[in-house]
Every structure is written in C-alpha cells, then in structure tokens.
Amino acid sequence: MSLKMAYNDNDGAPQRQRVEGNWVCSNPDCKAAITSLPFQPDPSRLNQLLCGDCHRARVSSFKRPPFRRAA
Ligand SMILES: [Zn+2]
C-alpha cells in the first residue's frame with residue numbers, strides 16, 4: 001500500500017521550515033555556530049541570535065510570572 005504511505009507522509013501537521021545560514025551565537029561564553037534557525041532572523045537582530053542551547057537556558061531562566069486569572 002505505497003499509495004497510503006504517501007498520504008501518511010505528512011500527517012497534516014505543519015512542517016517547520018528551517019532557515020539555513022551562517023550565524024554565531026551571541027552568548028560570549030558560547031559563540032557556537034548557528035547554521036539553521038526555525039525562523040527567519042531579523043537582520044537588525046543578527047547580533048542577538050542565540051543557539052538552541054543558550055536560547056533554552058535563557059528562556060528557562062525567566063521566572064514565569066504567576067498567571068492571574070481574571071475573576
Ligand atoms: Zn549559544
């Protein structure tokens with residue numbers, strides 16, 4: 001049933017388009033090469049790019065403010 005396989009290939013989920021390029025992580029302690037990003041980087045923010053590891057570390061360093069539910 002190769003026909004069915006073709007249909008199942010993309011399960012209706014949006015494909016994440018990665019943008020390929022040649023950037024450097026802006027973390028001075030890292031400076032890892034970034035060769036692809038899950039988004040189109042803003043040219044004015046190329047010096048603020050973070051690699052995946054640094055981005056994750058920075059996001060997790062943000063303390064999530066308590067979500068206040070409007071009563
Ligand atoms: Zn980094």
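Guide: S36 is in contact with R18, V19 and E20, once its neighbours within four places in sequence are left aside. Contact here means that the C-beta atoms of two residues, placed from the backbone, lie within 7 Å. The model is a predicted one: local features need pLDDT of at least 70, side-chain atom pairs count only at pLDDT 80 or more, and totals for chains, interfaces and linings use all residues. Numbering starts from 1 along each chain, as its sequence is written.

Now the setting of S36. S36 sits in strand β2. Strands are DSSP runs of E with at least two residues, helices are runs of H or I with at least four, and both are numbered from the N terminus. S36 counts as exposed because it has 11 C-beta neighbours inside 10 Å. The cut-offs are these: a residue is buried with 20 or more other C-beta atoms within 10 Å of its own, exposed with 12 or fewer, and partly exposed in between; these C-beta atoms, too, are placed from the backbone. V19 is one of the contacts of S36. Along the sequence S36 and V19 are 17 residues apart, yet their C-alpha atoms are 5.3 Å apart in space.

Go across to the partner strand. β1 covers residues 19-24, and β2 covers residues 33-37. The two run antiparallel, joined by four bridges. Strands count as paired if DSSP finds at least two bridges between them. S36 of β2 is the bridge partner of E20.

E20 itself lies in β1. E20 is exposed, because 8 other C-beta atoms lie within 10 Å. Beyond four places in sequence, E20 touches T35 and S36. I34 is 14 residues from E20 along the chain, and their C-alpha atoms are separated by 8.7 Å.

Next comes G21, also in β1. G21 is partly exposed, since it has 13 other C-beta atoms within 10 Å. With neighbours within four places in sequence left aside, the contacts of G21 are T35 and L37. G21 and L37 are 16 residues apart in sequence, and 7.9 Å apart from C-alpha to C-alpha. In a regular strand, side chains alternate between the two faces of the sheet. As for cover, β1 has six residues, and the count of buried ones is zero.

The link between the strands deserves a look. K31 is in the loop between β1 and β2. Its phi is positive, about 55 degrees, although K31 is not a glycine. Most residues other than glycine have a negative phi. K31 is exposed, because 12 other C-beta atoms lie within 10 Å.

C54 belongs to helix α2, residues 52-61. Not counting residues up to four places away in sequence, C54 touches C25, N27 and C30. D29 is 25 residues from C54 in sequence, with 9.7 Å between the two C-alpha atoms. C54 is partly exposed, because 18 other C-beta atoms lie within 10 Å.

Finally, the whole chain. The protein chain has two helices and two strands, in the order α-β-β-α from the N terminus on. Of its 71 residues, 3% count as buried. Among contacts with a separation of 6 or more, 20% join residues 24 or more positions apart.
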